[in-house]
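Subject: Model handover

Hello,

Here is the model I promised.

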Amino acid sequence: MSAATAAAAPLVSATDIVQEYLQPDGKMLRVLDGVSLAFERPSINMLLGPSGCGKSTLLRMLGGVRPWNVTTPTSGAVQIDGQPCTGPHPDTVMVFQSYANRPDLTVRENVLYPFRFAEWRRRVPAAEAAQRVDAMLDEVGLADKRDLYPSQLSGGQNQRVALARSLVLRPRVLLMDEPFGALDAQTRTAMQTLLIKLHAAHPCVVVFVTHDVTEALLVGDRVTVLSTQPARIIDDFAIGEPKPRTQGWLSGDHARSLHERVVAHLRASGARGNVRVSV
Ligand SMILES: Nc1ncnc2c1ncn2[C@@H]1O[C@H](COP(=O)(O)OP(=O)(O)O)[C@@H](O)[C@H]1O
Ligand SMILES: [Mg+2]
């Protein structure tokens, strides 16, 4: 592929994605039904939809993660820089709700962990890795917790460790699967603010899955709304309001109309009680 073609390609794209899963009764369950999305510039992109609609399926696919024994996608294509994405990509990192921190490693060792792998040892010299980790621990506010173990941390602090471990790799694409979903409302708000700050310092394409409309409006530069299963895109809009966004903005006319529009779309698509509409 020529340099000109590569430059024109979106950083990440999903085209006409269909995903079906074989059910125990032998029937096929269609989860994603013709989803197309492209992300080009550093921005925070919210994928909003009801529980069970297929958000994690789509996010894992963007990260090149293949479920065992399932053809993914059933049809359609995921590309990174215009190239087919068929497995995990070194510029793409995922963050999960469950943190995925190792209980036997300290905070600092957890953040340093990816540099144990050959690919990352090759890419980043050990001294630079150590430097990045210490700077990142400062940025996420965990410098004084560096020698503690995950069991000695709160949920929010554990998620800071996971975020730090992702960002030390300087990913071009950061995929986040309901990362703050298990946190209490106050901690979730603090983490949203932290993510906005970290993203300004380390711009990349963030694709952030949530079923919380308020979270989507507070954090997103763009919000893509998925219908109930099988998921299709039922709304997709940009939000230009500068961040961090205030409670005043959130309760103002613009945010309220966006909120009502999203909820109306979700209700029309059949979503019932599984969309959280406020923090
Ligand atoms: N590997 C799999 N095999 C079979 N069914 C699956 C698999 N992964 C997900 N599903 C089903 O696909 C649907 C969507 O799941 P998921 O993508 O996790 O939704 P969400 O993240 O929006 O809650 C669910 O009905 C789930 O049971
Ligand atoms: Mg999910």
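**What the model shows**

Of the chain's 279 residues, 38% count as buried. A residue is buried if 20 or more other C-beta atoms lie within 10 Å of its own, exposed if 12 or fewer, and partly exposed in between, with C-beta atoms placed from the backbone. This is a predicted model, in which local features need pLDDT of at least 70 and side-chain atom pairs count only at pLDDT 80 or more, while totals for chains, interfaces and linings use all residues. Residues are numbered from 1 along each chain as its sequence is written, and chains are lettered from A and ligands numbered from 1 in the order in which they are written.

**Overall**

The chain has ten helices and ten strands. These are DSSP runs, numbered from the N terminus: helices are H or I with at least four residues, strands are E with at least two. The radius of gyration is 19 Å, close to the 19 Å of the globule rule for 279 residues, so the chain is as compact as a globular protein of that length. That radius is taken over C-alpha atoms, and the rule is 2.2 Å times the number of residues to the power 0.38. Along the principal axes, the C-alpha atoms fill a box of roughly 50 × 50 × 45 Å. Among contacts with a separation of 6 or more, 74% join residues 24 or more positions apart. Contact means that two C-beta atoms, placed from the backbone, lie within 7 Å.

**The six-stranded sheet**

One open sheet runs E6-E7-E8-E3-E9-E10, with mixed pairing. Its edge strands are E6 (92-96) and E10, each pairing on one side only. The twist averages 15° from one strand to the next. Two strands pair if DSSP finds at least two bridges between them.

Strand E3 (residues 43-48) pairs in the parallel sense with E9 over four bridges. E3 also pairs with E8 (residues 205-210) in the parallel sense, over six bridges. Leu 47 shows both sides: its bridge partner in E9 is Thr 224, and Val 209 stands opposite in E8.

Strand E9 (residues 222-226) is mostly covered, with four of its five residues buried. E9 pairs with E10 (residues 233-238) in the antiparallel sense over five bridges. Arg 222 has Ala 238 of E10 as its bridge partner. The two strands form a hairpin with six residues between them. Pro 230 sits in that loop between E9 and E10. The peptide bond from Gln 229 to Pro 230 is cis, with omega near 0°.

Axes are lines fitted to C-alpha atoms, for helices over the stretch in contact, and angles run from 0 to 180 degrees between N-to-C directions. E4 (residues 75-80) pairs with E5 over two bridges in the antiparallel sense. There, Ile 80 has Gln 83 as its bridge partner.

Pro 73 lies in the loop between H2 and E4. The Thr 72 to Pro 73 peptide bond is cis too, with omega near -15°.

**Around ligand 1**

Which helix gives the most to the shell around ligand 1? Helix H2 (residues 55-62) does, with three residues. The shell includes Tyr 21, Gly 49, Lys 55, Ser 56, Thr 57 and Val 70. Near here means a C-beta atom, placed from the backbone, within 6 Å of the molecule or strand. The shell divides into five nonpolar, six polar and one charged. Ala, Val, Leu, Ile, Met, Phe, Trp, Tyr, Cys and Pro count as nonpolar, Asp, Glu, Lys and Arg as charged, and the others, Gly among them, as polar.

Tyr 21 belongs to strand E1. Tyr 21 is partly exposed, because 15 other C-beta atoms lie within 10 Å. Beyond neighbours within four places in sequence, Tyr 21 contacts Leu 29, Val 31 and Val 70.

**Backbone points to check**

Asp 16, in strand E1, has a positive phi of about 50° although it is not a glycine. Tyr 99 also has a positive phi, near 70°. Tyr 99 lies in the loop between E6 and H3 (107-112). Tyr 99 is buried, with 21 other C-beta atoms within 10 Å.

Best wishes
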